[in-house]
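My notes follow in the order I made them.

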Amino acid sequence: MAQFYVGGYRTGDPFVADPDPSVAGRPDGLPDTADVLIVGAGPAGLVLAAQLAAFPDIRTVVIDRRDGPLEVGQADGVACRTVEMFEAFGLARHVVAEGYQVNEVAFWRPDPHDPAAIVRTGRIPDVEDDLSEMPHLIVNQARMLAFLRGHMARSASRLAPHHGVTVTGLEVGSGEYPVTVELGPSTLRARYVVGCDGARSAVREAIGRRLEGDPMNQAWGVMDVLAVTDFPDIRLKSAITSSAGSLLIIPREGGYLVRLYIELPDHDRARRVTPEELTEVANRILHPYAIDVRDVGWWSVYEVGQRLCDRFDDDPRDPRVFIAGDACHTHSAKAGQGMNVSMADTWNLGWKLAAVLRGRARPELLGTYSAERQAVAQELIDFDREFAAMFSAHPEGTSTDPEKFQRYFRDQGRFTAGVAVRYAPSMITSGAPHQHLATGLPVGMRFHSAPVVRVADAKPMHLGHAARADGAWRLYVFADRDGARFAPLCAFLAMLTARFTPAGADPDSVVDVRAVLPCGHREVAVVDLPPVLRPHKGPFGLVDHEKVFCPDPARADVFDLRGIDRAAGCVVVVRPDQYVAHVLPLDAHDALAGFLDGVLLEA
């Protein structure tokens, strides 16, 4: 839901921002200093870079040891929550248009009458109803990274990675740029460094963190193939367990390509097998069906192990170096969580770095990154260990019930979709004393979008799509039925938001107020709305008309859908990464101000 022309009309692509004046004076090569140095241009690194690209006043540098952008990606599953996140960058439409949409999952087990053959035992929806407005997709990782690089290139920062650059040393000292990073023949000093450089992370090693966990005791082959087969579910995600082993089929984008995850026999685990040998194993598992591989686009063999760091930063008191993604947690590919959780790591970190560097938030905010994401990674490791073991369990083992894995898959659907994360109480997440006012928007979990109608132009849309990756906090004010508490709150919010807004900045740049009214959109007179919901923005003082919404009569009512008390209303405080931080009564002015004061700095 992009807005543009607030600074004046211009021709050309409105989604390409004018370059910031500082860009013209920057050298093409690596600078001597940076506010943030991102090591690694994979999923975690580029999500962080895409966020920071929105702030040209932050000098961000991205380096990667590869000679150029990734051309063929290993990861492919894009969880619903990740697509929601991409919507904040304005990229979801590209991902959805290109991806294979996972709608159903088929389960296959040995035929009780012929154990050497497999038979379908179930077929279920991939995600439950109203889990997310976004689908579960399969998109090549390289394409996901290309979308993010495109977003960076269109930003006012014109940010682009520097390739072929390797970290050879890192030390944390003191001063304005306390982190000194050796990059072969050159040196760069940074305020903060984020290591997104994979399981063999040089940044992790430099700060003394270690990946600890289980040994790698399962080997799997993976192939992207163009094939002809009589297996009936080749265009469905299929989990197959046979007497010959386990196979996971993931249809790929484009209608023809398919990925095969193939469990390798014990005697193959210690050697480098070939695509032809992987195809033979797949055919043994698929019996009585057969697959004729005509072309192999990509293939690899990897081992399964779950490992985790105890912290994701260098110092809990004053963190200057952070690690994210595979640099701090590794696991199997069965649940499709690797790329998604890595991106979620830096989605959590990016806005925090921006807020602290720009003087918008207290430095203690940075300590919440490791606390929040390490706990999530531990949950993932525990889940992945159980999921991988259950997937690999053979029919003669403990999981002889054909429905056991199917039930487990269904029950864990919220986790694999990425929407089960719940952050613990902290300076940015309350203890939820007023959760009863919005039972469908749990504090600590992601803000679950719902259909609404925008009042000014009667546009049906999703409420959560009003949020951009711009670092702003959002207050969603669900008005009470009689409006008795709504008007005083809006007057108070005009003063509260002004307290945190720097001179010359738009009034919604730090705290963005949105309202959902419990009536039909045609019953609202736009000119009667409170000033905080009609802010004046940009050099011409133009009115932003896109702050107020009503339930959509053609779809589910947002008040009913999210369990919001229609008579009392409430305020839902949402962090810049779209997680619910607090739910409060409309008249809890002091509590709201106190919560924001604990995070944000007065301008």
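**Entry 1**

I began with valine 78, which stands opposite leucine 137 in S7. Before going on, I noted that this is a predicted model, where local features need pLDDT of at least 70, side-chain atom pairs count only at pLDDT 80 or more, and totals for chains, interfaces and linings use all residues. Residues are numbered from 1 along each chain as its sequence is written, and side-chain values use heavy atoms, with hydrogens and water left out.

I also wrote down how elements are named: helices (H or I, at least four residues) and strands (E, at least two) are DSSP runs, numbered from the N terminus. Two strands pair if DSSP finds at least two bridges between them.

S3 and strand S7 (residues 136–138) pair in the antiparallel sense over two bridges. I then looked up the sheet they belong to. It is an open sheet of three strands in the order S3-S7-S4, with antiparallel pairing. Strand S3 (77–78) and strand S4 (100–102) stand at the edges with a single partner strand each, so one side of each has no neighbour in the sheet.

Is strand S2 (residues 60–64) mostly covered or uncovered? I found that five of its five residues are buried, so to speak mostly covered (buried means under 20% relative accessible area, exposed over 50%, partly exposed in between, with a 1.4 Å probe and protein chains only). In a regular strand the side chains alternate between the two faces of the sheet. On one side of S2 I listed Thr60, Val62 and Asp64, and on the other Val61 and Ile63; both faces are covered.

Strand S1 (residues 33–39) pairs with S2 in the parallel sense over four bridges. Valine 39 stands opposite isoleucine 63 in S2.

**Entry 1: strand S5**

Six of the eight residues of strand S5 (residues 104–111) are buried, so S5 is largely enclosed by the rest of the structure. I looked up its partners. Strand S6 (residues 114–125) runs antiparallel to S5, joined by eight bridges. A hairpin of two residues links S5 to S6. Arginine 109 stands opposite valine 119 in S6. Strand S14 (residues 237–242) runs parallel to S5, over four bridges. Tryptophan 108 stands opposite isoleucine 240 in S14.

**Entry 2: helix H2**

How many residues of H2 are buried? I got 10 of the 10, so H2 is largely enclosed by the rest of the structure.

Helix H2 (residues 43–52) packs with H8 at an angle of about 30 degrees, with their axes 8 Å apart (axes are lines fitted to C-alpha atoms, for helices over the stretch in contact, and angles run from 0 to 180 degrees between N-to-C directions). That makes H2 roughly parallel to H8. Angles under 35 degrees count as roughly parallel, over 145 as roughly antiparallel, 65 to 115 as roughly perpendicular and the rest as oblique.

**Entry 3: helix H3**

I compared another partner of H8. Helix H3 (residues 80–88) and helix H8 (residues 338–357) pack at an angle of about 40 degrees, with axes 10 Å apart. H3 and H8 are therefore oblique to each other. Arg81, Thr82, Met85, Phe86 and Ala88 in H3 meet Asn340, Met343 and Trp347 in H8.

Conventions
Contact means heavy atoms within 4.5 Å.
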